[in-house]
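Please find below a colleague's note, written as numbered points for study beside the sequence and the model.

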Amino acid sequence: MSRFWMARTFWLAAALVVLVTSPLVASASEGVSEGAVLEVSNPRVRTPMPGRAMTAGFAELHNPGPAEVVIVGGHCTCSKVVELHVMAEEDGVMRMRKVDQFAVPAAGTLELRPGGPHLMLIGLEGQPLEPGGEVVIELELAGGASQVVTFAVESWKS
Amino acid sequence: MRLWGLVLISAAVLGCGSGAAMDELEPITQLGGDFELLGAEGRPFALGADRSRLTLLFFGYSSCPEACPMALGRASRATRLLAERGLEDVVRVVYVSVDPERDTPEIAQSYVDAFGVVGVGVTGALPDLERIARAYGAFFEKVESDSALGYLVDHSTTLYLLDHDLVVRRLIRSDDSPEAIAGWIERLATS
């Protein structure tokens, strides 16, 4: 397979990861804020590895509505930048890319997870993240809305 | 482009290695070999200088947010499992940073130390790293990005299990469990 087609296959796979619809039944209202568009389960960030000023955030994002919800960015007082990243492993090679948006399909779920789509918090600042703590991340949605989600902090070793 | 060939060679070997008829730890002689790079404080590091332990070799970079912590985390858990079996001194981790622009040998060493394993973190000049990666069938490539991380590095996720003669005995994939890794190391250490 040529490198061109391998690259095309990779990005097609990455797009499917982000866009895939899951029949997951929405869990309880953990992480859901007033007027929230998305039902958020198990939101968590890791403490950074020693000496590193970045970490990743994960969660299951369920969209109970009839229309797709698109996340276009994020903000956190704990870091200079919140970016949207996708990862995919192909033929034993891991590739990570920054993307402009995550789409959560209508009546579907997007899982932000290790080794898959996730939030990157880059340039951590302020109070150090400690296991058992919390950080608040504002997810910026297409159309100008936003949703505030509280993420639990867990050890990077977990 | 030439490194893609190496990926395919590596993938082919991985495929062969999973065959039921082939011993899981049969020597993979077409890959591997001794090499020299730089360790902490600029000291030369030769892979073959210490053959008292088996080696888990990994190519990564210290700004790597996911794949490298996952790989070294599995190596760390495997060594803890081995320690519970009285085999705490049979294997070392050698972490080769393929990002010499950002990773000094000290940073590479601190990365290894964070996982609580016996091991060394090394790096070197890009041509040396490319030559060594080629010998092991590993792949890495710097990718420009508009991320605040700056550039990213695509790289192999394989952990290489080497015996005391530096012969590759197992290509450990990202979905191999710490229990499986510990089992291979135990078999090799006690054979």
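**Note on the predicted model**

1. C68(B) has a relative accessibility of 0% and therefore counts as buried. Here buried means under 20% relative accessible area, exposed means over 50%, and partly exposed lies in between, with a 1.4 Å probe and protein chains only. C64(B) also counts as buried, because its relative accessibility is 5%.

2. Residues are numbered from 1 along each chain as its sequence is written, chains are lettered from A and ligands numbered from 1 in the order in which they are written, and side-chain values use heavy atoms, with hydrogens and water left out.

3. The link of C76(A) and C78(A) is right-handed, with 120° about the S-S bond. Both of these cysteines, C76(A) and C78(A), are buried.

4. Helices (H or I, at least four residues) and strands (E, at least two) are DSSP runs, numbered from the N terminus. Helix 5 of chain B has 13 residues, residues 178-190, and at 1.5 Å a residue it should span 18 Å; its end C-alpha atoms are 18 Å apart, which agrees. The expected span is 1.5 Å times one less than the number of residues.

5. Which residues of helix 5 of chain B are buried? They are P178(B), I181(B), A182(B), W184(B), I185(B) and L188(B). They cover an arc of only 160° around the axis, which puts them on the same side of helix 5 of chain B. The arc is that of the directions from the helix axis to the C-beta atoms. In general, an α-helix has 3.6 residues a turn, so residues three or four places apart point the same way. The cover over the buried residues of helix 5 includes strand 3 (54-60), helix 2 (67-84), strand 4 (91-97), strand 8 (159-162) and strand 9 (168-172) of chain B.

6. Rings of Phe, Tyr and Trp (its six-membered ring) pair if their centres lie within 6.5 Å; planes under 30 degrees apart count as stacked, over 60 as edge-to-face and the rest as tilted. The count is 7 aromatic pairs over all chains. The rings of F59(B) and Y136(B) have centres 6.0 Å apart and planes at 55°, so this pair is tilted. F59(B) lies in strand 3 and Y136(B) in helix 4 (residues 126-136) of chain B, so the pair ties together parts that are 77 residues apart in sequence. F59(B) and Y136(B) are buried. Ring pairs also link W156(A), Y95(B), Y111(B) and F115(B) into a cluster.

Definitions and conventions
This is a predicted model: local features need pLDDT of at least 70, side-chain atom pairs count only at pLDDT 80 or more; totals for chains, interfaces and linings use all residues. Contact means heavy atoms within 4.5 Å. A disulfide is a pair of cysteine sulfur atoms within 2.5 Å.
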